[in-house]
Each structure stands twice: as structure tokens, then as C-alpha cells.
Amino acid sequence: MPHFFIEAKNVNNGKIVIFDAENYRHIAKSLRAKIGEKLLLIDENQVQYETKIKNIDSKEIICEVVKSYPSIRDLDFDLYLAQSPLRSDAQLTIMEKSTELGVRAVFPIITDNCALAESVLAKKHEKWQKVMYEASKQCERAKIPTCFEPQKLSELLDSNNFDKILVLAERSTEISLKEYLNKNRIKKGEKILVVIGPEGGFSQNEFEYFKSKNLPLITLGNLILKAETAVIATLGNIIYEYKR
């Protein structure tokens, strides 16, 4: 069932009117939806609506609400990703998969070995946010995650807005992810930041910085993973360990 974001103010008396250009074009033109077909809609209050199309004209679509209920497509803790952006399709994969895995936001971080120059990073933000928006529709996310503007690693970590910060490092490691989470169980509502570096890894200066902040250096095991694989494996394992 196709999934689209709407505003609660457009829900009245068991009917929902869709007239914003993007949703209208996607439903009426791209999907070529017909009267009687079903749509899944969700508003900013995380209420999902199973609907049936009652009318389509040149400007709007009217849907009848068949059933409504609170969305369950969300984690009950706040998972964030800080990651040194990669080139081309690899970064788009990270934005898409991290959205599917429930992150609240992605922080593109500028590291010593970052694959992209700062001038290039500034031009990518809008595209990355668009990928996260489309991925949210595909996987029925209740909230669209945020892609923040690129910032330096130290600027983010010095803000100290997180309950736990997990630095993934493939070589200089102190503890496995499983061991760390067994000793430091994630609690409901906590803010967890996962930090993953570029393909070239973190620099020695960055490792010294992590040490000065008393941040744990965590491993996924003996295998050396590509950065995009490490993101998926880490986020997936955190969710699994939390639910155990």
C-alpha cells in the first residue's frame, strides 16, 4: 500500500484531501492511481490512516478514512549516526539504510581523512535529505529523520547532548559492540550516537581526541568492513541487542 505524508489539518469528517503538488503528482501521475484504490497516509502526529480514494480531479485527491491508529514504525530510544561522508552511491546507500534502521538524524562529520572536501559537502546536504524523505515513505517511517549540515567531529562531540557515544574503529579497539552493550544496556528514551569514520579510518589525532573524551573504541569483530557495511551492521546490532 503506497505511503505518503500529510498534515493533520487536512483530515476532516472521515475524509482526507491531498492537494500539495508533490503528493498529487506522485499519486495521480506517477502511480496513476484510480478511484477505489488504497493509500496509506501518516500525519505529523504519527497517526496512520488506511484510506480508499473516493475522487481524483485536476487539482486534488479525496480519500475516505477506513481505519486510523498510532504508528508503530519507530524505535523507543533515539538513535543517531555521525558519519564521515563517502563518495557517490555509497553515501546514498548510507542515508537510505540508516533511515530504514530508525535513526533520528544523520550528522555528516568532517574528519581528517574525509573523502569529500568541505566545499563539496555543502552541496550534498539537500540531496541526502531528499533520499531520507523517500526512504521514509518506502519503509512507513512515522517521522522523517533529519540530515544536519556538515560539521567538524569535535563540534558535534563537544556538544555532549548524548547519553552514550559509541566510536566504531576497525583497528584500535577496546571492546566489542556486543560486550559494550551487555555492560551498558540502552534504556528507553536514551540518546545514542554512533560515530563511524571514513574508508581511510580515523587519524591518530582523532584517536587522541577520543581518548581525551573517554569515549569507548568499539569493534564489530576481526573483519575489516567498508564504511557503508559498518553502518548497517552497527545499527542493526544495536537494535537487536536492545530488543533482546
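The structure is a predicted model, in which local features need pLDDT of at least 70 and side-chain atom pairs count only at pLDDT 80 or more, while totals for chains, interfaces and linings use all residues. Residues are numbered from 1 along each chain as its sequence is written, and side-chain values use heavy atoms, with hydrogens and water left out.

The secondary structure comprises seven helices and 14 strands, these being DSSP runs (H or I, at least four residues, for helices; E, at least two, for strands) numbered from the N terminus. The C-alpha trace spans about 60 × 40 × 30 Å along its principal axes, and 45% of the 244 residues are buried (under 20% relative accessible area, with exposed meaning over 50% and partly exposed in between; 1.4 Å probe, protein chains only).

Helix H2 (residues 88-100) and helix H7 (residues 227-243) pack at an angle of about 10°, with their axes 9 Å apart, the axes being lines fitted to C-alpha atoms over the stretch in contact and angles running from 0 to 180 degrees between N-to-C directions. H2 is therefore roughly parallel to H7 (angles under 35 degrees). The contact (heavy atoms within 4.5 Å) involves Ala90, Ile94, Lys97 and Ser98 of H2 together with Glu228, Val231, Ile232 and Leu235 of H7.

Most residues other than glycine have a negative phi. Asparagine 13, in the loop between strand E2 (11-12) and strand E3 (15-18), has a positive phi near 50° and counts as exposed at 80% relative accessibility. Glutamine 46, in the loop between strand E4 (38-42) and strand E5 (47-56), has a positive phi near 65° and is partly exposed, with a relative accessible area of 21%.

Terms used. Angles under 35 degrees count as roughly parallel, over 145 as roughly antiparallel, 65 to 115 as roughly perpendicular and the rest as oblique.
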